[in-house]
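Open the model in a viewer and keep the sequence panel in view. The stops below go from the whole chain to single residues.

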Amino acid sequence: MSDFTSQAADDAAERIVRHFQIQGFTRITEALIIQIHHIAGGRAEIDEAFDAAQEQDKAPPVRRYFEIRPYGHFAEFRSFDAAKLALKSDFTTTLLSNIPRVFFDPAPVVIDDPLASGTKYDAILKLRDNVDGYAVAILMNDPDASFLDYVGTHPGSDWQKIMGEFEITSTSLGDVLDLY
């Protein structure tokens with residue numbers, strides 16, 4: 001990833017965190033911007049596989065159907081490299097189980113995990129429809145509040161203003177992180 005793209009993606013992640021903090025979610029400490037690429041299967045097949053995994057109390061088969069690439073990050077307590085290393089443990093099963101919905105459903109998509117704690121991501125947000133075959137999503141860490149509460153009280157928010165150059169930064173990729 002070029003220095004410009006890295007900086008722009010990191011700046012977008014910081015704008016996201018600061019926006020939510022200004023809106024009263026002062027404990028939001030982190031945003032990780034990811035791209036989700038669909039690599040196999042149709043929606044029905046994927047939904048069936050994810051449902052079967054949930055019924056069997058297994059991890060969802062994310063890697064079989066999707067590739068996840070982190071490329072922008074802001075946190076008050078850890079670096080991008082540290083966040084990438086911890087992603088497997090911090091991306092909760094609840095959020096992973098909803099990757100098909102995040103990828104296939106039109107924006108906005110907001111899913112929270114009210115049981116997440118510590119450095120585990122509490123919410124995943126998709127604020128724009130897919131571009132060039134991938135979805136851009138934001139993993140957020142806020143141990144105290146539900147993003148569904150925020151979105152419900154702010155209908156029609158100007159996400160374009162919040163995101164700034166987000167659309168530009170989402171077209172460039174960093175190194176692929178081998179997840180699931």
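The model is predicted: local features need pLDDT of at least 70 and side-chain atom pairs count only at pLDDT 80 or more, while totals for chains, interfaces and linings use all residues. Residues are numbered from 1 along each chain as its sequence is written, and side-chain values use heavy atoms, with hydrogens and water left out.

Next, colour by accessibility. Of the 180 residues in the chain, 48% are buried; buried means under 20% relative accessible area, exposed over 50%, and partly exposed in between (1.4 Å probe, protein chains only). Show the surface: the chain exposes about 8,800 Å², and carbon and sulfur atoms supply 50% of that area. Accessible areas come from the Shrake-Rupley method with a 1.4 Å probe, and for residues only the protein chains shown count as cover.

Now display contacts (heavy atoms within 4.5 Å). Among those in the chain with a separation of 6 or more, 70% are between residues 24 or more positions apart.

Select helix α2, residues 43-55, which contains Asp-51. Asp-51 counts as partly exposed because its relative accessibility is 41%.

The remaining stops concern the backbone. Most residues other than glycine have a negative phi, and most peptide bonds are trans.

Move on to Asp-57, in the loop between α2 and α3 (62-65). Asp-57 is not a glycine, yet its phi is positive, about 55 degrees. With a relative accessible area of 73%, Asp-57 is exposed.

Select Asp-132 in the loop between β4 (123-126) and β5 (134-141). Here too a non-glycine residue has a positive phi, about 50 degrees. Asp-132 counts as exposed, at 70% relative accessibility.

Which peptide bond is cis? Select Ala-107 and Pro-108: the bond from Ala-107 to Pro-108 is cis, with omega near 0 degrees. Pro-108 sits in the loop between α6 (99-104) and β3 (109-112).

How values were computed: Helices (H or I, at least four residues) and strands (E, at least two) are DSSP runs, numbered from the N terminus.
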